Amino acid sequence: MADAKSDVDHRQLGVELYNYTWTLLENKTRTRDDEDAMLSATHASAHHWSRAAGAGPQNAARSQWQISRVNAVLGRGDAALYHAERCLELCTKNGIGDWDLAAAYEAVARAHQVAGNDAEFRRNLELGREALAQIADEEDREHIAEDLDALAS
């Protein structure tokens, strides 16, 4: 493991890998190799964010959210649920609210949907909708509401 004086820019790598993961998530013609790369990239992003100077629980929660999303897209309900619940735990334990909390509930709902747990899917979908009221920025609120609406349809 690299020491603290490493010349690796963990923050920059975390950002680049997070964004790269999104390009793969948005690719409608992903290959199996792309799916493997997407899963690797989201975990690598989380690793680099965890090592970045100044990173905290909010970065960790967002990393867990993306890992959950990737697993949900890949149909891996158990893994999606593990990371979604970890995201929610980091939010509640550290007082992280606003769109992060609503997104955490969205992730838990999505993971339960993929795992086939209808009652928990519906419960967390509703918790996500309730958390929308805490989102200060209208654009952020609309974005999370769209994700929740897409799950419900």
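Residues are numbered from 1 along each chain as its sequence is written. Since this is a predicted model, local features need pLDDT of at least 70 and side-chain atom pairs count only at pLDDT 80 or more, while totals for chains, interfaces and linings use all residues, and side-chain values use heavy atoms, with hydrogens and water left out.

Two packed helices are described by the angle between their axes and the distance between the axes. Helices here are DSSP runs (H or I, at least four residues), numbered from the N terminus. Axes are lines fitted to C-alpha atoms over the stretch in contact, and angles run from 0 to 180 degrees between N-to-C directions.

Take H1 (10–26) and H2 (residues 32–51) to begin with: their axes come within 8 Å and cross at roughly 155 degrees. That makes H1 roughly antiparallel to H2 (the label applies to angles over 145 degrees). The crossing of H1 and H2 is left-handed, so the near helix is turned anticlockwise from the far one by less than a right angle. Contact (heavy atoms within 4.5 Å) involves, among others, Leu 13, Leu 17 and Tyr 18 of H1 and Ala 37, Ala 41 and Trp 49 of H2. By class, this contact of H1 with H2 has 12 nonpolar, 6 polar and 3 charged residues. Nonpolar covers Ala, Val, Leu, Ile, Met, Phe, Trp, Tyr, Cys and Pro, charged covers Asp, Glu, Lys and Arg, and the others, Gly among them, are polar.

H6 (residues 118–131) and H7 also cross at roughly 155 degrees, with axes that come within 10 Å. H6 is therefore roughly antiparallel to H7, and their crossing is left-handed. Phe 121, Leu 125, Gly 128 and Arg 129 in H6 meet Leu 148, Asp 149, Leu 151 and Ala 152 in H7.

With H3 and H5, the axes lie 10 Å apart at an angle of about 25 degrees. These two helices are therefore roughly parallel (angles under 35 degrees), and this crossing too is left-handed. Trp 65 and Arg 69 are among the H3 residues that meet H5, where Trp 99 and Ala 103 are included.

As for the largest pocket, about 250 Å³ of space lies in it. A pocket is an open set of points on a 1 Å grid over the protein atoms alone, where a 1.4 Å probe fits, with protein on both sides within 12 Å along at least five of seven lines; lining residues have an atom within 4 Å of a point. The volume is the space filled by probe spheres set on the points, which are joined across faces, edges and corners. Of the 15 lining residues, Tyr 18, Trp 65, Trp 99, His 143 and Ile 144 lie nearest the centre.

Methods:
Angles under 35 degrees count as roughly parallel, over 145 as roughly antiparallel, 65 to 115 as roughly perpendicular and the rest as oblique.
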